[in-house]
Amino acid sequence: MIGVVGGGIAGLAAAHRLQEQGRAVRVFEANTDLGGLAATYETAGDPIEQFYHHLSKSEETIVEWIDELGLDSALEWRYGSDAYYVDGVVHPMDKPWEILAYPHLSIYDKFRLGMLVLDVDVRGGIPSFDTYERLEDFEDVPVKEFILDHTSRGCFERFFKPLLEAKFGDRWTDVSAAWLLGRVKFRGERDILKGELLGYLDGGFGRVIDALIESVGRENIVTGARVTDVGIDDGRVDSLTVETGQTQTHDVDSVVVATMPDVLEQLTGYECAIDFQGTVCSVISMEASLTDTYWLNIADEAPFGALIEHTNYVPPERYGGEHLLYAVKYVQDLEDDLWQQDDEGVEETWLSGIEDLFPEFDRETVNWIETARNPKTAPVYERGYLDMVVPYDLGEDVAAGVYYAGMASQAQYPERSLNGAIVAGERCADLIQESQ
């Protein structure tokens, strides 16, 4: 039997693929719910993810899996709109004339920014089309140094810096230029007149979790089951110790650890040097739309780094007419005031922040607010990150038969995603099959 530690999408994907390869599998999830960061809330219509999700056209593996799971007819590609809130004004940033009209960047700034987005290095006046091919070449370059060298000071001060602060807080100065380049490449297909195509499932991404559970078989998944030890004998894994109210030991041929790296360390002693940040994320249900933008980056003082109005992307009719808005902040220190607040305090912080930015907002139009928080939702992609990723196959570092498919794997670079989780789970399953 193959034991899988973690019932998020990576663990379920590993179990699904292993079963296809004819292996007996059992998934152990410490919580009572499955799906990890793809868990959902109920609305007046379709469920909504607790943490915002969409797909980019560059994420091909999850699209293949959606097809394999029989959900291809539910996958929809819609154009997502982007804007920047600066000095009390929402500036759309999708169409060429909107970008040209943006008053906080000069024409030169916009030219340099556009060339970077198109992967063209124009330093020295002679365009180069292969400078940015190898992310590893920029792994040790500070992101600020790179932006100033490859775009302009205006781009740095008035475009990138607010985004970096929203994403990484005071850790942004540690971030690698390789992450920024990888993030640009991570973006998908963009129509010059309509914006970027983003993917979403009719009914939400919870349908992928449900399909994987059905495929793996509920009888092969144990929730409320905390794995407390990985047994190793003569250099090879041979058992898992599991607490389910009673202690049980299961014989295993291999184990896939599909969790955060701190669980891997507790179970095996393998130390991961990657730092992670947390997220406080609320879904706010409203009677009316706040803006006409899907993704609103905030460059002003605000308690949130972005406001993501989901129902400006997926129609509110899918949710019984509710207008659904995510308010989100990344947290680098769990002593952060927002993290220390209870849900009522967080909700008041969000609503007061929205009122400050949008004086016409009426909090009486709010139907409900649900708040999720997780202390480790995303890595800090600092310099040297690629040297710190956890290998899929830990045979040399821990013991033969130990594999890793969690957030610290190669698949979750340059951005953590549902696609990366499936890639990691699939890769571990394939490596187990190849080892036989």
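This report walks through a sheet, a hairpin, a helix pair and a pocket in a predicted model.

## Ground rules

Residues are numbered from 1 along each chain as its sequence is written, and side-chain values use heavy atoms, leaving out hydrogens and water. Because the model is predicted, local features need pLDDT of at least 70 and side-chain atom pairs count only at pLDDT 80 or more, while totals for chains, interfaces and linings use all residues.

## The open sheet

Let's start with the sheet. Its 7 strands follow the order β8-β7-β17-β18-β19-β16-β20, and the pairing is mixed. Strands here are DSSP runs of E with at least two residues, helices are runs of H or I with at least four, and both are numbered from the N terminus; two strands pair if DSSP finds at least two bridges between them. Neighbouring strands are turned by 20° against each other on average, direction ignored.

Inside the sheet, β16 (residues 276-286) and β19 (residues 323-331) run antiparallel and are joined by 9 bridges. Cys281 has Val328 in β19 as its bridge partner. Helix α11 (residues 343-357) packs on the sheet, touching β7, β16, β17, β18, β19 and β20, where contact means heavy atoms within 4.5 Å. The direction of α11 makes about 105° with that of β20; axes are lines fitted to C-alpha atoms, for helices over the stretch in contact, and angles run from 0 to 180 degrees between N-to-C directions.

## A hairpin

β13 (residues 236-243) and β14 (residues 247-251) pair in the antiparallel sense over 5 bridges, with Thr249 in β14 as the bridge partner of Thr241. The hairpin has 3 residues between its strands, and Gly245 takes a positive phi near 100°.

## Two crossing helices

The axes of α1 (residues 9-20) and α8 (residues 206-216) come within 9 Å and cross at roughly 40°. Among the residues that meet are Ile9, Leu12 and His16 in α1, and Val208, Leu212 and Ser215 in α8. The contact divides into 9 nonpolar, 3 polar and no charged residues (Ala, Val, Leu, Ile, Met, Phe, Trp, Tyr, Cys and Pro count as nonpolar, Asp, Glu, Lys and Arg as charged, the others, Gly among them, as polar).

## The second largest pocket

This pocket has a volume of about 530 Å³, the space filled by probe spheres set on grid points joined across faces, edges and corners. A pocket is an open set of points on a 1 Å grid over the protein atoms alone, where a 1.4 Å probe fits, with protein on both sides within 12 Å along at least five of seven lines; lining residues have an atom within 4 Å of a point.

Of the 25 lining residues, Pro162, Glu165, Ala166, Asp300 and Ala302 are the closest to the centre of the pocket. Helix α6 gives the largest share of the lining, 5 residues. The lining divides into 12 nonpolar, 4 polar and 9 charged residues.
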